[in-house]
Amino acid sequence: MDDVKIGEILLPGEESEQEARASKVRRRFWPTMKRAMRQVPFSRDVVAAYYCAMDPTTPMRTRGILLGALAYFVLPFDFVPDVFALVGFSDDIAVLTAAFAAISGQIKEDHYLRADDALKDELAETGKTAR
C-alpha cells in the first residue's frame, strides 16, 4: 500500500463526514474485531483507538484520523480481502499503523483501560484464553 492511498484514507474530513464514518464504525467495529483478533498483532491498540475515536473530548483532527483508519478496517471493500489467511488484514494493519503514527500518543490511558475491559469480556464470552 502506498503512502498516497494511506494519506487519503487518513484525511480527517469534515464534521459531517466524520459522523458518517463514526456511525459505520460503531455498527461494524466489534464483529470485525472479533474476526481479526488473532491476525492483528496489536488488538489492544485497535480497541483503544476505537474508544478514543468515540470519545467526544478527543480533538477533532485525531478523531478524524482514527475514524478514517477504523472505517477502512471495518468496511468490507479493501485492498486485500480480509478472508485471505495471514495477509487479509495486512493492509488494514498498515493503515492503522499510519494512523497511530499520525496521532502520536493521543490515545489516553482511560481508552486503554476500556480496551482491556472489553477484550477481557470478549475473551470470557468466547471461552478463549489470552495469549
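## Helices, core and side-chain pairs

R44 counts as partly exposed because its relative accessibility is 35%. Buried means under 20% relative accessible area, exposed means over 50%, and partly exposed lies in between (1.4 Å probe, protein chains only). The model is predicted: local features need pLDDT of at least 70, side-chain atom pairs count only at pLDDT 80 or more, and totals for chains, interfaces and linings use all residues. Residues are numbered from 1 along each chain as its sequence is written, and side-chain values use heavy atoms, leaving out hydrogens and water.

**Fold and surface**

The chain has six helices and zero strands. Both element types are DSSP runs, numbered from the N terminus: helices are H or I with at least four residues, strands are E with at least two. The order from the N terminus is α-α-α-α-α-α. Of the chain's 131 residues, 45% are buried. Among contacts (heavy atoms within 4.5 Å) between residues at least 6 apart in sequence, 70% join residues at least 24 apart.

**Core**

The largest nonpolar core holds 39 residues, of which V25, F29, V46 and F73 touch the most other members. Such a core is a set of buried Ala, Val, Leu, Ile, Met, Phe, Trp, Tyr and Cys residues joined through side-chain atoms within 4.5 Å. At least two core residues come from each of α2 (15-36), α3 (43-54), α4 (60-74), α5 (90-103) and α6 (109-126).

Helix α3 is mostly covered, with ten of its twelve residues buried. Among them are S43, V46 and C52. From first C-alpha to last, α3 reaches 17 Å, close to the 16 Å expected at 1.5 Å a residue. C52 is also a partner of T62, which touches I103 and Q106 too, not counting residues up to four places away in sequence. T62 sits in helix α4. T62 is buried, with a relative accessible area of 5%.

**Aromatic pairs**

Seven aromatic pairs are present. Rings of Phe, Tyr and Trp (its six-membered ring) pair if their centres lie within 6.5 Å; planes under 30 degrees apart are stacked, over 60 edge-to-face, and the rest tilted. F29 and F73 make a tilted pair, 6.2 Å centre to centre with 50 degrees between the planes. F29 is in α2 and F73 in α4, so this pair ties together parts 44 residues apart in sequence. Both F29 and F73 are buried.

F42 and F100 form an edge-to-face pair, because their centres are 5.7 Å apart and their planes stand at 75 degrees. This pair links the loop between α2 and α3, which holds F42, to F100 in α5, 58 residues apart. F42 counts as buried at 17% relative accessibility, and F100 counts as buried at 19%. One aromatic cluster comprises F29, W30, Y50, Y51 and F73.

**Salt bridges**

The count is three salt bridges. The rule asks for a side-chain nitrogen of Lys or Arg within 4 Å of a carboxyl oxygen of Asp or Glu.

| Salt bridge | N to O distance |
|---|---|
| E17 and R21 | 3.2 Å |
| E19 and R63 | 3.8 Å |
| R44 and D116 | 2.6 Å |

R44 lies in α3 and D116 in α6, so that pair ties together parts 72 residues apart in sequence. D116 is partly exposed, at 29% relative accessible area. E17 and R21 are four residues apart in α2, so about one helical turn separates them. E17 is partly exposed at 36% relative accessibility, while R21 counts as buried at 14%.

Technical notes
The expected span of a helix is 1.5 Å times one less than its number of residues.
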